Amino acid sequence: MTINEIQDQIIDDFSAFDDWMDKYQMIIEMGNNLEPLDEKYKTTQNLIEGCQSRVWLQADHDEETDLIHFTGDSDAVIVKGLVSLVIQVLSDHTPDEILNADLYFIEQIGLKENLSPTRSNGFLSMIKQMRIYALAFKARNS
């Protein structure tokens, strides 16, 4: 699936709920379903700057397919769901696809206005870090 197809699916899934408490519950469930991050990746190098809670993000690049696979974790339940959400959208795509992605789902599902400023900053920091990884892998292959 393309990044836009994944975003459209997320928008569709979230549109089933009118109440933000239900949407938060969905985000928490996504976090609970996130594959646990191997303890060896829970390092200071993988910690995301700008997050109030601790968030780890690991990026692995398959040079043969040019796809980046992300894994992550957080010590906060809602943030772990946000990690899961952004991994679902950006993982297993090429550096160019990640760098050129317009992440419109954030506004469409209402995250922009329903996250606290600190969670919003942390969420944007996760996305920024994923793009930095994509840029680094792209540069390494050039």
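**Reading the chain, from fold to residue**

Trainee: How many contacts join residues at least 24 apart, among those between residues at least 6 apart in sequence?

Mentor: A contact means heavy atoms within 4.5 Å. In this chain, 64% of the contacts between residues at least 6 apart in sequence join residues at least 24 apart. Please note that this is a predicted model, in which local features need pLDDT of at least 70, side-chain atom pairs count only at pLDDT 80 or more, and totals for chains, interfaces and linings use all residues. Residues are numbered from 1 along each chain as its sequence is written, and side-chain values use heavy atoms, with hydrogens and water left out.

Trainee: Which pattern does the chain follow along the sequence?

Mentor: Helices (H or I, at least four residues) and strands (E, at least two) are DSSP runs, numbered from the N terminus. Here there are seven helices and two strands, in the order α-α-β-β-α-α-α-α-α.

Trainee: What radius of gyration does the chain have?

Mentor: The radius of gyration is taken over C-alpha atoms, and the globule rule is 2.2 Å times the number of residues to the power 0.38. For 142 residues, a compact globule would have a value near 14 Å; the chain has 15 Å, which agrees. Its C-alpha atoms fill a box of roughly 45 × 30 × 25 Å along the principal axes.

Trainee: Is Gln7 buried or exposed?

Mentor: Buried means under 20% relative accessible area, exposed over 50%, and partly exposed in between (1.4 Å probe, protein chains only). Gln7 is buried because its relative accessible area is 0%; across the chain, 47% of the 142 residues count as buried. Gln7 belongs to helix H1 (residues 3-14).

Trainee: Which side chain is joined to that of Gln7 by a polar contact?

Mentor: A polar contact is a pair of N or O atoms within 3.5 Å; within protein, one must be able to donate a hydrogen and the other to accept it, and residues adjacent in sequence count only if both atoms are side-chain atoms. The side chain of Gln7 makes such a contact, of 3.1 Å, with that of Asn4. A polar atom of the Gln7 side chain also lies 3.0 Å from the backbone oxygen of Asp102. Beyond four places in sequence, Gln7 touches Val89, Asp102, Leu103, Tyr104 and Phe105.

Trainee: Where is Leu67 placed?

Mentor: Leu67 lies in strand E2 (residues 67-74) and, at 29% relative accessibility, counts as partly exposed.
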